[in-house]
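Please walk me through this protein model, step by step.

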Amino acid sequence: MPSESEPRMVYTTPQQDKEGSETLEESHFAKDSNLSSHPHEFPEGGLAAWMTTFGAFLIQVCGFGYTTSFGVYQDFYTQHYLTNETSSAISWIGSLNTFLITAVGVISGSLYDRGYFYHLVIVGSLLQSFSLFMLSLSKPDQYYQIFLTQGVGLGIASGLVYVPSIAVVSHHFRRRRTLAMTFVASGSSLGAVIHPIMLNNLLNGRLGFGNGVRTSAGFVSVLLLIACLCMRTRLDPPVTPANYIVAAKKCVRDVPFIFATAGGFFFQTGFYYPLFFLQLDSIKHGLSVTFSFYSLVILNVSNCVARVMSGFIATFTGVPNLIIVATISGGVLILGMIGLSSLVSVVVLGVMYGYFAGLYIAMVAPLVATLTPDLSELGARMGICFFISGFGSLIGTPISGALLTSNYTWWIPAVFSGVVSVIGGMMYMIMRFIFVRKQIKQKA
């Protein structure tokens, strides 16, 4: 999602590879007259730069890190707190939260372009803290209370801070930007490890739901306060923000971009199924409750490793090839969840799926950069691509929950999610074929 001519574009996705970062850097200097091509004008370090980077890291811990821990809430709501609701209805809470981060990011990116960084991060942080504390006041079987606070409120709050917090890091780095962004990107993975452990112990321990969520809200609020105090802008906003209407008209005629967007939509329709249902699946198959609580931790640790490694791998494979491998492999592994029945199967599927999911997340932004002929439109193209693809995450888990039914027929949602994910991978394959053929014709 856009957030400042160049920064916004690149970093809507948690991680980027070498190729992506170099492309984005070129875009930045071509578009923004405020940024000189002389690298010495970027601090490339120093207290303000690294404090800003650390603040962005904490935003990721509290934002996407918390959102991708929804599998803990899915399990708790299904078994204890929203027992009158179907798995599909409960899934809408997490899927809407995820979608709003992307959708609101389009708006926050545009506002960031106009110099509203501090307004966005302060309002977003306050809303996130408020939403979590209000969630702690939600009563059992009061679905609308949880839907409004966790689905709507928390989603909007995370969307307000996500893009600006990532984009501001590029104010301080050019040569070391990849290093800084890799550190920031690891925040969401670290959060996805910390929050499931904390939430499982709080919700299922002596404190219960109300006090447990309040404890979690207090922890998140402290981290967000530190983040707001740390982050500082350094550059003036660009004179001419990206024009989404003009970029959208060009995208309609760009066939590789259309297939890449379609691939993202289909893959994200199945992408979140393991993240939302792996813990519940483990428990319902009779595995140890204690072990099941750590199933998401296993998945997210592997995810974190993949994000860090993705840049090195893409150097040898290329971005399009790597995202094809990640999506096809991810779809096959989701299909493999049909056979989930033992501790070993949970560990193997968790580690392998987490790894390929991490590669996918890391490669989305660099892929759009690769497909963009006019780099001055990169931010707008990313916003358009992520917004449309985000509808997959919005509808995917609710459909899976409906297919699961109250009888917990696990193979049906696994087949659905796996098949649509593989279809997404096939869209990326078609995208690569057309894109390569187009490049050959241009060189001829």
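Phe265 is partly exposed, with a relative accessible area of 24%. Here, buried means under 20% relative accessible area, exposed means over 50%, and partly exposed lies in between (1.4 Å probe, protein chains only). Phe266 is partly exposed too, at 29%. This is a predicted model, in which local features need pLDDT of at least 70, side-chain atom pairs count only at pLDDT 80 or more, and totals for chains, interfaces and linings use all residues. Residues are numbered from 1 along each chain as its sequence is written, and side-chain values use heavy atoms, with hydrogens and water left out.

Now look at the rings. The structure holds 29 aromatic pairs. Phe265 and Phe266 form one that is edge-to-face, because their ring centres are 5.5 Å apart and their planes stand at 75°. Rings of Phe, Tyr and Trp (its six-membered ring) pair if their centres lie within 6.5 Å; planes under 30 degrees apart count as stacked, over 60 as edge-to-face, and the rest as tilted. Tyr408 and Trp410 make a stacked pair, with 6.0 Å from centre to centre and 20° between the planes. Trp410 is buried, at 9% relative accessibility. Tyr408 is partly exposed, at 22%.

Stay with Tyr408 for a moment. Tyr408 lies in the loop between H18 and H19. Its phi is positive, about 55°, although it is not a glycine. Thr405 is found in the loop between helix H18 (378–404) and helix H19 (411–443). Thr405 also has a positive phi, about 60°, and is not a glycine either. At 33% relative accessible area, Thr405 is partly exposed.

Next comes helix H12. This helix covers residues 255–271, which makes 17 residues. From first C-alpha to last, H12 reaches 24 Å, close to the 24 Å expected at 1.5 Å a residue. The expected span is 1.5 Å times one less than the number of residues. Which residues of H12 are buried? They are Pro256, Phe257, Ala260, Thr261, Gly263, Gly264, Phe267, Gln268, Thr269, Gly270 and Phe271. An α-helix has 3.6 residues a turn, so residues three or four places apart point the same way.

Step back to the whole protein. The secondary structure comes to 19 helices and zero strands. Helices (H or I, at least four residues) and strands (E, at least two) are DSSP runs, numbered from the N terminus. Of the 444 residues, 61% count as buried. The accessible surface comes to about 16200 Å², and 69% of it belongs to carbon and sulfur atoms. Such areas come from the Shrake-Rupley method with a 1.4 Å probe; for residues, only the protein chains shown count as cover. Among contacts between residues at least 6 apart in sequence, 83% join residues at least 24 apart. Contact means heavy atoms within 4.5 Å.

Arg114 sits in the loop between helix H6 (87–113) and helix H7 (117–136). Arg114 is partly exposed, at 48% relative accessibility.

The inside deserves a look. The largest nonpolar core has 111 residues. A nonpolar core is a set of buried Ala, Val, Leu, Ile, Met, Phe, Trp, Tyr and Cys residues joined through side-chain atoms within 4.5 Å. Tyr73, Tyr77, Phe209, Phe271 and Tyr360 touch the most other members. Helix H17 (residues 343–371) gives this core its largest share, 15 residues. Leaving out residues up to four places away in sequence, Phe209 touches Tyr73, Phe76, Tyr77, Tyr81, Leu135, Ser136, Ser138 and Leu203.

Ser292 is found in helix H14 (residues 289–293). Ser292 is buried, with a relative accessible area of 0%. Beyond its neighbours within four places in sequence, Ser292 is in contact with Gln279, Ser282, Ile283 and Leu287.

How many disulfides does the structure hold? The count is zero. A disulfide is a pair of cysteine sulfur atoms within 2.5 Å. The sulfur of Cys230 has its closest cysteine sulfur in Cys228, 9.3 Å away, so the two are too far for a bond. For Cys385 the closest is in Cys251, at 8.6 Å, again too far. Both Cys230, at 8% relative accessibility, and Cys385, at 5%, are buried.
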